[in-house]
Amino acid sequence: MTQYTAANRQFFQLFEHLTDPVIVINTRGIIVYINENAKNLFSLKNEHADGRHVDTILLDYTYPIDEGTNKQKCIGISEQSQLIKVKVTTQQLTIEDVQYKIMIIEDLQRNKTEELKNLSKELANIKLALDKSTMIAITDPKGNFKLVNQKFCDLSKYNAEELIGENFCILNSSYHPKQFFRDLWKTVRQGETWLGEILIKGKDGSLYWVETTIVPFLDEGGRPYQYFSLSTDITKRVTVENQLQEVMKVDFIETMKNLQNGIFKMKMDGKGRFIYTMAAGKLLDAIGADEATLLHHTPHDVFPKEIADLKYRHYKEAFTGNRVNYEVELEGRLVFVDITPIVQGNSVIEIVGTVHDISELRSTQRELKVNQFQYQSLFQFSQDYVISVTPSGEIIDMNPNMLELYKNAYGTIPRLKLEQLVADEDKEITVHYFQKAIEGNPQNFDLNVQTQKGKFVFNVTFLPIIVDKQIKGVYSIGKDITEQRRVQETNEYLAHHDELTKLPNRRWIVKKLNDSLQLAEKSNIQLAVLFIDLDRFKSINDTLGHLIGDQLLEEISSRLLDTIDRDKQHLARLGGDEFMILCPEIDHQEEVIVLAKNLLEKLSTPLHIDEFELMVSTSIGISFYPTSGTTAVELMKKADIALYQAKEHGRNMYQVYTTSMDDKQFQRFFMERDLRKAIMNDEFIAHFQPRVDAITGKTIGAEALIRWMHPTYGMVSPREFIPLAEETGLIISLGKWMKRQVCEQLVTWRAANIPLIPISVNISSQRFLQSGFAQDLRELLSEYKLDGHWIELEITENSLMKNEEYIYQTLLELKEMGVKIYIDDFGTGYSSFHYLKAFELDGIKIDMSFIQHISCQSENAAITAAMIKMAQQLNMDVIAEGVETKEELAFLLEQNCHHIQGFYYGRPCAAMEFEKMYL
C-alpha cells in the first residue's frame, strides 16, 4: 500500500467525488492513488490497486514528453484479462515539490454501447409514434402488400392477414381517373418520391382521404425493389375544405347576382351560334336580360332584331380574338358593353362581357357642356378680376372687369406676362406663388397692382387649370380689397395707439418692452421703465369737464414728446392720466434720473387751455432692468410701486424702486417661512366635500381639500398659500401629506366598519411630471393595504401637455392599479377632448365658473351642455363642481349629469363631521 502525506491524502480524496475513473502515478509510473470508478473499470481489488506499475493495466500507454495536458487512446486490461478501449487524459501535478501525473480514464466501449442503447430506444419511440399517428405499408414493385401496421388496418377495416399479398387496388374508391394512377406509378418507378392525396375505400365501403408519401427503395442497379408508404388520415380536413368550397361557390354566385353592373359569358356551339352560358348582376335584371331570359339562348332569341344584329356583329368580332365594346339603349337605359375573349391555346373558348349603366355619365357630359356655357357667363359678368394665364405666365384672356382696369394702359392687351401687371415690390412673390400653382397647388395671397388709375390691393387666388390630369394653365381671380386694407390698417393703428393723443398705447409699449428685454438679455445691457402720473388730474377733469381734461392730456403728451429723445426712447399712454416711457438702452442709471428731473421741470410750467391757466405736477416711478426685475410684468409693477411711493411722499417728485417698497414681498417672505414650518409642525388638516348622485341622493365619493390652521392667524385660505406652494415647490410636500392623510382616513373608516367611498386628491403638475409618481402611490397603497379604486386623482390639462410619452406611461401604471384619473377645472384651460380620448381618462370635473348662474346665462348653458354631451360620447364620467342652487341642479339633470359636488349638497368639512353627515 503506497504511503503519502496528509496533504496528498486530502487532495487525492477529492477524486472520490468524480464520476470519471482517475489514476495518479509518480514519475516512475507507479500508481499512488486510484479511485473507486477506476478500480471498477479494471476490476481491481483494494489490495491490488495501488503500488503497481501503470503498464500493468494500460498496455500501450505512451508517457508524454511535455508537461502540459496530453490525450491519447490506448488498450486497458482488466484483472480478468479483458481488453478495454479507453481514452486517457494526463495532466502534470506538483504537491509539496513532488511531481505526479493525474490520469482521467474514459471507457470508449461503454460510451458506444450507451449510444447504441439510446439509438435503439429512440428508434423504438419513433416506431411507436408512427404506429399511433401514421398508416405504414410496404409493397412489392407490383403494388402487392408485404407489410402493414395496425394504424393502416384500423382505418381500412382490414386485418393484416387480409391485406398481405393483396394488391393496393383493393382500396380503390374509383374516385380518381386512371391517369392519376398512371402518373403515380410513373413517378415511383423512376425512383422518385410521390406525394399526394388519395381517396381510399375501406372494407365496409367507407371512404377516407389520406395524404400519402410513397418512397421507392432502390437496389444496387437503381431499380425499385419495394415501396414504402406513409399515410395520414385527412378526411376531416378535406370534408371541411369541400364544405368551404361549396359555401364559397354559393357565395360567389350570390355576389355575382348582387353586382350593381352586369356580367355574362357566351360560347359558340357546333352550329356557330352564340349561346349565353351565364348571366348575373342587378343591371341585367333591370334591362330585361336576367339569367332566366338569357341562359342557353342566342341574342336573336331574346332581343329585337336590330339590337340582336348589333350584338351579333360584336360577338363575332370578339370570337376572332379581339376585345370589343359598344353602347346600346335597353329599357330606357344607355349601357356600355365591354367584351373580352378567353383564349386557350390558339382558340377562343368563350367570351366574357361586362355591362355598365352609363346613362348618368352621358347626362353628366351633357351637363358639362351646359356648364361650359355657364362658365363663360360667369367669366364675362363676374365682379372679380379674372385672368387666364398659360403655364409660361403669358396672359391669354381677361374678363371685362380686368380689361376695363387696364385698357387705358394696354389697349387690347397684347401678349403680356402676368408679372407686368404687378407692382415692383410684389413681382418676386407673385412669380413664387404662380410656380406653386403650376405644380398643382392652389394659392391665395395679397398683392399690390399698379394701374394708370392708381395702386390697388388685390386678394388673389391662383387656381390650376387641370384638363385630363394635365395642368394647362392658371386662373387668377382677384378681389379688390383696397378699402378693406385701408380700414384694416386703420384698425391696426388704433389697436396699438391712443385715439386721443395718438401716442402708442399699453399693448404697443408692452410688446416693445418685451422685445427690448430680449435684446437687453442677449447684449447684457440695462434698460429703464418710467411710470408718469398727473397729480390731481381727476380734480381738473371733474371741475372743468372732460373736454378740458382731454386737451390737457394732449398738451401733456406734446411736452413729454418734446422732452424725450424720440430716436432712443419711447412714450406711450397707458390709460387715463398714466404715461410710460421706455428707455431700451442706458449706460448709467443716472441718465434716467436726469430725464426724470427734466420731465418734472418741463411739466411744471403752466399750461393755457382756453381761458384757463393750469398748474399740473406729476409723480414718476422708475424701475431698472435687471436690478428691479427681468420681465415686463415685474418692471411695470415695480415702476408702479415706485410711482405710488412718490405720491405718498408728497407728489411732484420721482422715486426709484427699491425692494423695501414692496410690502407684499415681505408678506410673501414670511408666508413662505411659515409654510415651511407648517409642513414640519403638521399644521394642516384635511376637509372633505361630498360628491352626490343626484338621482339617488347617495354620497358616492368625496374630494379631499387641504386647510392650514396657522398658529397666529388661524385658518388660512388655500387661495393664499397654494399659489405660493406651487411657486416654491412646496406643493409636492403638501401633495404627499394629503395622499397619506386620505389613506389614513380610509383605513380608519374601514376599521370602524364604515362603508368606504372613493376619495379624490388634487395632484399638482409638478408632482405628476416627476418620475416615480405611480410607483410612490403603489407603495403607499401597499403600506395601507388599500385597493387603487378607493383613490381618485384630479389633474389639470397642463399636466398632459408636457412629455406626453411619460404621461401616457404614468397613466397606464395608475390604471393598472385601479386608480381613476379626472381632469379638474375642465373648461378653463385648453378643453381638449383630444387629450381625453388619447389618454383614455376616466372623467372630467366641469369648473364651477360654468355652473354658477347657468340658468340665466345662455352662453354658459350651451358650453356646459356641449362639454357634458361630448364627455358622455367618450363614455367618461362627468362631475359638476360648485352647484349651489336648485335651478343649477335642475339644468344639469336635464343634461343627464347627476354626479354633483357643491354647497347645494354640502360644504367641505372635517372628517368627523363628514362621517356623521354623509356616511
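The chain has 31 helices and 37 strands. This is a predicted model, so please keep that in mind throughout.

Now the chain as a whole. It runs to 919 residues, and 42% of them count as buried. Take the contacts in the chain with a separation of 6 or more: residues 24 or more positions apart account for 52% of those.

Which residues make the nonpolar surface patch of about 240 Å²? They are Ile685, Met709 and Met715. Met709 belongs to strand E29, which covers residues 699–710. Is Met709 buried, exposed or partly exposed? Its relative accessibility is 38%. Buried means under 20% and exposed means over 50%, so Met709 counts as partly exposed.

Last, a pair of helices. H17 covers residues 537–544, and H18 covers residues 546–563. The two pack with their axes 6 Å apart, at an angle of about 140 degrees. That angle makes H17 oblique to H18. The cut-off for roughly antiparallel is over 145 degrees.

Which residues meet where these helices pack? From H17 there are Phe537, Ile540, Asn541 and Leu544. On the H18 side they meet His546, Ile548, Gly549, Leu552 and Leu553.

To go back over the two local sites: the patch is made by Ile685, Met709 and Met715, and the helix pair is H17 with H18.

Methods. Residues numbered from 1 in each chain as written. Predicted model: local features only at pLDDT ≥ 70, side-chain atom pairs only at ≥ 80, totals over all residues. Heavy atoms only, no water. Helix = DSSP H or I, 4+ residues; strand = E, 2+ residues; numbered from the N terminus. Buried < 20%, exposed > 50% of the residue type's maximum accessible area, 1.4 Å probe, protein only. Contact = heavy atoms within 4.5 Å. Patch = residues over 30% accessible without salt bridge, like charges linked within 9 Å, V, L, I, M, F, W, Y side chains within 5 Å. Areas by Shrake-Rupley, 256 points an atom, 1.4 Å probe, with all protein chains shown as cover. Salt bridge = Lys/Arg side-chain N within 4 Å of Asp/Glu carboxyl O. Axes fitted to C-alpha atoms, helices over the stretch in contact; angles between N-to-C directions. Parallel < 35°, antiparallel > 145°, perpendicular 65-115°, else oblique.
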